[in-house]
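Subject: Handover of the structure

Hello,

Here is the structure for you to take over. Please open it first, then read on.

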Amino acid sequence: MSIILQIKDLKKYFPITKGVILKKTLGYVKAVDGVSFSIERGETFGLVGESGSGKSTIGRLIVGLLQPTSGSIFFDKVDLTKINKKEFQNIRRRMSMIFQDPFTSLDPRKNVMQIIAEPLIIHTDMERKKREEIVYQLLERVGLRQEDAFKYPHQFSGGQRQRIAIARALTLSPDLIIADEAVSALDVSVQAKIINILMSLQKDLNLTYLFIAHDLSVVCHISHKVGVMYLGKLVEVGSKSAIFQDPLHPYTQALLEAVPVPDPNIMVAKGLMVLKGEIPSPINPPSGCRFHPRCPYATKRCTEEEPTLIDNGENHLAACHYTDEIKSKRKIIKQPLKDSA
Amino acid sequence: MRPLKDLKKLLFGESSELSIIIEHLKSDKPALFGLAVIILLVLMAVFADFISPYDPNLQDLSRRLEPPSWEHPFGRDEFGRDILSRIIYGSRISLTVGVVVITISLLIGTALGALSGYIGGWIDLVIMRVADIFLAFPGLLLAIGLTAVLGQSIFNVMAALAIVNWPGYARVIRSQILYIKGLDYVEAARIMGASNARILASHVLPNSFAPIIVLATIGMGWAILAEAGLSFLGLGVQPPTPSWGSIIATGRDFIFRAPHITTIPGIVLALSILAFNLFGDGLRDALDPRLRI
Amino acid sequence: MTLDLEYSEKGMQHNHLLEIVDLKTYFFTKRGAVKAVDGISFTIDAGDVFGLVGESGCGKSVTALSILRLVPDPPGKIVSGQVIFEGEDLLQKSEEEMRSIRGAKISMIFQDPLTSLDPIVRVGEQIVEAIRTHTNMNPQKAWEKAVKILTEVGIPDAEIRAKQYPFQLSGGMRQRVMIAIALVTEPRLLIADEPTTNLDVTIQAQILTLLKEIKAKTQTSILFITHNLGIVAWLCNKLAVMYAGKIVEYGATKSVFSNPLHPYTTLLLKAVPRLDIKKEMLESIEGDVPDLVNPPSGCRFHPRCPYAKKICSIIQPPMIEVEEGHYASCLIYDKEKWRSV
């Protein structure tokens, strides 16, 4: 397998300014603060984190909606931060994005045909007939009918709209699709359908996904590799099974234990783990390990020394000083995943 | 069917907004009344040559100030001219002023508002402060001042009214664009690599027009009233060209001897403005997504 | 069609805290009447945490608003039914009587605390106002009580926080303030409408734990409205599943989760991606939620139900007690009718 996307020490600081003419910078929101990871072709990389973790900012940096403060983004070995606009225009057709809210991500004044064909109009001089043919094929791929091509977004339900958005993301046969909370706004029954569509499309078209979400269960289901973010930092990266069955970072553990599972017996047995405190502001993140004020294992060292991502074998990286101790001290030993009935 | 569809596209984009508006207006009686009066006004202005019973400038000094009769339903003025015919021809001035003023205001307002909202930064700052300066003046007073400087003519009236009117449109367009440019579908277009021009023309502007249509409709009423006011003060059309404002102005001297000269054009004027306002209100309700269930 | 829960096992008159009987709330629009809640019945006893589960548009929030008689009128209207609270029908009460019940005997917390709190009043004052609306406690004492309850809902430095404005608090803190306002009058029933949906997982766990503690410490029963089956499994002892304005299943949490009876519940549980169970494909439900102006005839779920027979489109299934205290509205459990076709 080859690496399609590699991010190296990516940083994005948003200045907090005052005044319009005489701008004064009061400080910075360190939304993304030195993040590195890579995605291999054909796999799904899940990026999880709570609000303010910087996960969406990373997606926006990759597609060029934002310019990074420093660091590099290699897409198929080309550093996107070092190329000019024209070169970027050629590369951007190889990636696309699916948004969270299907009610705002489609222009209400365009019909489905116009929406899905727009990337072709921008990037090719294909004739109309051919464009229409491609749109019909795409509609079929995402489970919509040809007749739907001339309807408008408001005539569809949320799930159908998200299918239209997926079709639009597929129009130029991209290599990488960034799905930013792509199923979070949908109801459970519809969400399941969209997840299934995304997964079967990946199989058929060898797509690569960067799947950004806050819902751990969804990320667990769809991803091959997972990165956990906290306050602009990647605290743990690893294969799906490593992250969900053998989490090393205390934050990952806490996140997993905080999710209520739809089974009263399990819930009675394990309860919810409650992490103390709030998510701190990314303007003045805590010193040392950013998680230390909320961490049940924190020591003095954690307040002073910032941990780096350390490989614990099999590409399972965690940024914690005490992974070994925590591993042995863990109260709840997870059972291996049961297969579904 | 096709041309009608194209017109619909042009006016309302491709959504079914027109059908939503029609659906709403069907049950909105005041707005329907407004629309009927507006249509009547337009017909009157367009077919003035055919429907006006007399030459509006034909004088008959022997029968001056004659009250309404079967022959002259609205009576005669101080020169013995038929008031009905003068009102019919006057509607041409009123509507022309309304349409021209609103169109110019819209063009200036949309262009500057779009620049302001889409580009932002210091351009936004400069345009909005200029707009503030215009908004700080009482509109009609500024128009009076401008016509006084530019000279008395109907073109100057229209120019003056447009100059005082554009900042409102610029503001609404700007805030609309600020909202829409942050929506996901605009970001989606940007990620696709669409140029700024394409995004603005194809996504942002078409979605910004709904409140402007409402504002323009109500603005028509305002422009007609303002023109009448300026003509009343003698700053508008030059005699003998009939205008509602000037008819009222000349009737002023005979208000006790021949009240019909002032009251009848006054009622027509009030009715027209009411019609535009009612229709504008109806449009606003129809376009308000919160009222759609 | 009302539930036969009037009598307990001993055959004695059982006094429910809240009994909803055949409640119908419609919204009258130009398109016709939207039957948002269409004949639902359930009971909540003292000490219950009752989960009302369903996807968006199923009528769960409208049910809550109907109990408090807060349905926006027009276009909404409670068409028929009874809401018996402590033996009295709230639908027969005058507006003035309702005002003395709302916020005093029945309180409510919402999804978004920022819009339910007054932005220009200090949070402590808002609690004082809640106290003094229903009692004639003097302002000094009320303030002390406000600070005390803020401490009780887990707000650190309550003295200082009480003097702050809502925007100075984080989302989790604001939801705690809302809970404090709701609880300060010691209500018999707390209605919580998706109170954690906008919160991060770790903060959600904190709020849910707080609600559980409240339940253990006070006499307050909770009606918890959510789309999240995991939360219900953890928090509630009884639950009802709503679909398209009707309750399709009703029973003790344990029996509903271990033995879901209605096809909708079964499918819904299979559609949720889970952390603890590995699934290859998620089960999804075909089709979309029906239009409640013209809901499907017979069973409202029949167009999407994999088990549906012709009879399902004809007969509206009654609530059938399949296990003790566990009801489902599905003809599968009416052996005679099911076999007859």
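Predicted model: local features only at pLDDT ≥ 70, side-chain atom pairs only at ≥ 80, totals over all residues.

**Chain C against chain A**

Start with this pair. Chain C brings 42 residues to the contact. Chain A brings 48. Together they bury about 4,000 Å². Carbon and sulfur atoms account for 62% of that area.

The polar side of this interface has two parts. Two salt bridges cross between chain C and chain A. There are also 13 residue pairs in polar contact, both residues at pLDDT 80 or more. On the chain C side, five elements supply at least two residues each: helix H8 (201-217), helix H9 (229-235), helix H10 (253-258), helix H11 (263-271) and strand S11 (277-278). H8(C) gives the most, with eight residues. By class, the side of chain C that touches chain A holds 20 nonpolar, 10 polar and 12 charged residues.

One of the salt bridges here joins Asp263(A) and Arg274(C), at 3.9 Å from N to O. I return to that pair below.

**Chain A against chain B**

Here chain A puts in 27 residues and chain B 23. The buried area is about 2,300 Å². Of that, 54% lies on carbon and sulfur atoms.

Again the rule finds two salt bridges across the interface, here of chain A and chain B. In one of the salt bridges, the side chain of Arg60(A) meets that of Glu187(B) at 2.6 Å, N to O. Polar contacts between chain A and chain B come to 14 residue pairs, both residues at pLDDT 80 or more. On the chain A side, helix H2 (85-92) and helix H3 (112-123) are the elements that give two or more residues. H3(A) has the largest share, six residues. The side of chain A that touches chain B divides into 12 nonpolar, seven polar and eight charged residues.

**Strand S8 of chain A**

Next, a strand within chain A. Strand S8 covers residues 208-213 of chain A, and six of its six residues are buried, so the strand is largely enclosed by the rest of the structure. Which residues of S8(A) point which way? Thr208(A), Leu210(A) and Ile212(A) point one way. Tyr209(A), Phe211(A) and Ala213(A) point the other way. All are buried.

S8(A) has these pairings. Strand S3 (residues 44-48) of chain A runs parallel to S8(A), joined by five bridges. Strand S7 (residues 176-180) of chain A also pairs with S8(A) in the parallel sense, over five bridges. Ile212(A) is a handy place to look. Leu47(A) stands opposite Ile212(A). Asp180(A) stands opposite Ile212(A) too.

**Salt bridges**

Side chains of opposite charge can pair when their charged atoms come close. How many salt bridges does the structure hold over all chains? The count is 42.

Back to the pair that crosses between chains. Asp263(A) sits in the loop between helix H9 (250-258) and helix H10 (264-270) of chain A. Arg274(C) sits in the loop between H11 and S11 of chain C. Are these residues buried or exposed? Asp263(A) counts as buried, because its relative accessibility is 19% and the cut-off is under 20%. Arg274(C) is buried as well, at 12%.

A second pair lies within chain C. Lys238(C) bridges to Asp45(C), with the closest N and O atoms 3.9 Å apart. Lys238(C) lies in strand S9 (residues 238-243), and Asp45(C) in the loop between strand S2 (32-44) and strand S3 (49-53), so the pair ties together parts of chain C that are 193 residues apart in sequence. Both Lys238(C) and Asp45(C) are buried.

Glu95(C) and Arg99(C) form a salt bridge, the closest N and O atoms being 4.0 Å apart. The two are about one helical turn apart, because they are four residues from each other in helix H2 (residues 95-101) of chain C. Glu95(C) is partly exposed, with a relative accessible area of 37%.

Last, chain B has a network. Asp60(B), Arg63(B), Glu66(B), Glu71(B) and Arg76(B) are joined into one network by salt bridges that share partners.

Over to you.

Best regards

Methods. Residues numbered from 1 in each chain as written. Chains lettered and ligands numbered in written order. Heavy atoms only, no water. Contact = heavy atoms within 4.5 Å. Buried area = accessible area lost by both parts, 1.4 Å probe. Polar contact = N/O pair within 3.5 Å; in protein donor to acceptor, adjacent residues only side chain to side chain. Nonpolar A, V, L, I, M, F, W, Y, C, P; charged D, E, K, R; others polar. Buried < 20%, exposed > 50% of the residue type's maximum accessible area, 1.4 Å probe, protein only. Pairing = 2+ DSSP bridges.
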